[in-house]
Amino acid sequence: MKTTITLIDVQEQQSETPDQSNGYLQRGKIYVRRMTGFFQRIRSVSLSLLMAMYFSFAWIRIEGNPLVLFDLEVQKFYLFGAIFWPQDFTLLAFALIICAFGLFFITGLLGRIWCGYSCPQTAWSLMFIWLEEFFEGSRHQRIKLDQERNSLRKWLKKSGKHISWLILAFATAVTFVGYFYPIRSLTADLFSLSLSSGWAIFWIAFFTLATYLNAGWLREKVCIYMCPYARFQSVMFNENTMIVGYDQQRGEPRGHRSKQSEKPNLGDCIECQMCVQVCPTGIDIRDGLQYECIGCALCIDACDSIMTKINSPKGLIRYASEKEFTTGKPQRTFNIGTIGYGAALIMAISIFISVMAQRPQAELSALRDRGSLYVENGLGQIENFYTLKLVNKRETKDTFRLSVRSSFPVKVSQENLPIGAGEVITYTIILEVAPEQLLEASSPIEFISQSLTDPNLRAVAQSKFLGPVHSTD
Ligand code: SF4
Ligand code: SF4
């Protein structure tokens, strides 16, 4: 993209210089200048990929099951071919621990790479800015349009932008709810105006509004004032962390000129303000590392394009560690903190894989009827009642053979427990014991359910059998 710098740009930017005297950035609307370059191509690819994944994953099915679906109604979570149940909560906890250590490790190593290259706020803001440019034009044209008096032309441009924002926000919200409610039936019901789920309607409306406000109106304010990650990331930073920074030693003293050879006593920064104009959070990276910097590298591409024009080497603004900017020498990237995060990450992933591998495919729980201790039936036998909950986590239907391990012979009311694929079934089971077999008022027993299709698949549950103690005298 051809980039020209004019005095108007510099004056406009000077009028936008933030005042932080009261702790908040007092600045007007930020008109981000479009910029292309090496890092923006990487960002475009990564953010487009993530958006494509977001909008498609809810629709994809593998062997009849959704690729990703958190079905809260039936309490089943589908994730890339695996099915998780509420009983797999420990796995979810491990997955969250992995995400946390992964974020610590990446941040310690590469700074705010998440914010710049994969954060949904960044991706949606970029799409909204792209729509804004489509309807209202370049940075100059947008500034002029906002300063113009109201007219039909201005109204049409603004309406086009807001309508397109709302459509995108609505599509985002429907897709999001589609990760919790099967998306095919959700969209069919929605567009035939027969959606009866109140919570689905509420969340679609809520996320449409939230997306429209966050990506259309709030943008950088979400990163600066609302995102907790921006605040605690400094804890994860160290002097070897890669950050986007300005090379003071090379750039200062800064000063205007059109050619580098014009004023040889000045540094490489020609004070063109391009790095500030492209910054989505409106900061000046030359003021040093700031928590408002989301690491998007737009200022690197902007400055590199200027350096190319004035025949200076690229990299006046670049990715480097704070230590490198201070000493002027390249530094090693790893330090003890980053290695620690990496080790913890590997450990958490290993535990997760081993827990996943040992995850039982069937589960059984037994609850003794608390309403009565025991019942003596017409034949003089002692009966206890139990509620058994059988979970079949496999995607094939099955029948489980029920048996009881105990120190005395037991008659089971139902031996075969049929169950469908991925089902949870509750059975009421009666155990019958001859009174003369009972030597204790409470005897431990174990229910064993064994799959008829796979004898290695068993699930057990502990319980007790209560009855009168038979005297041996
Ligand atoms: S750092 Fe680069 S982009 Fe920023 S004002 Fe100086 S020369 Fe221009
Ligand atoms: S300072 Fe540079 S890297 Fe940081 S947010 Fe602004 S443009 Fe992006």
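Ala, Val, Leu, Ile, Met, Phe, Trp, Tyr, Cys and Pro count as nonpolar, Asp, Glu, Lys and Arg as charged, and the others, Gly among them, as polar. Keep that sorting in mind. The model is predicted.

Start with ligand 2. Its shell divides into 11 nonpolar residues, 2 polar and no charged. There are 13 residues around ligand 2. Those that come nearest are Cys279, Cys293, Cys296, Ala297 and Cys299.

Now turn to ligand 1. It is surrounded by 13 residues. Cys269, Cys272, Gln273, Cys275 and Cys303 are the closest. Here the shell holds 10 nonpolar residues, 1 polar and 2 charged. Which helices each supply at least two residues of this shell? They are helix 13, spanning 274-277, and helix 14, spanning 298-309.

With cysteines in both lists, disulfides are the next topic. A disulfide is a covalent bond between the sulfur atoms of two cysteines. To count as one here, the two sulfur atoms must lie within 2.5 Å. How many disulfides does that rule give? The count is 0.

Take Cys119, which is in no disulfide. Its nearest cysteine sulfur belongs to Cys115 and is 6.0 Å away. Cys119 has a relative accessible area of 16%, so this residue is buried.

Next comes Cys227. Cys227 is partly exposed, because its relative accessible area is 26%.

Definitions and conventions:
Residues numbered from 1 in each chain as written. Chains lettered and ligands numbered in written order. Predicted model: local features only at pLDDT ≥ 70, side-chain atom pairs only at ≥ 80, totals over all residues. Heavy atoms only, no water. Near = heavy atom within 4 Å. Helix = DSSP H or I, 4+ residues; strand = E, 2+ residues; numbered from the N terminus. Buried < 20%, exposed > 50% of the residue type's maximum accessible area, 1.4 Å probe, protein only.
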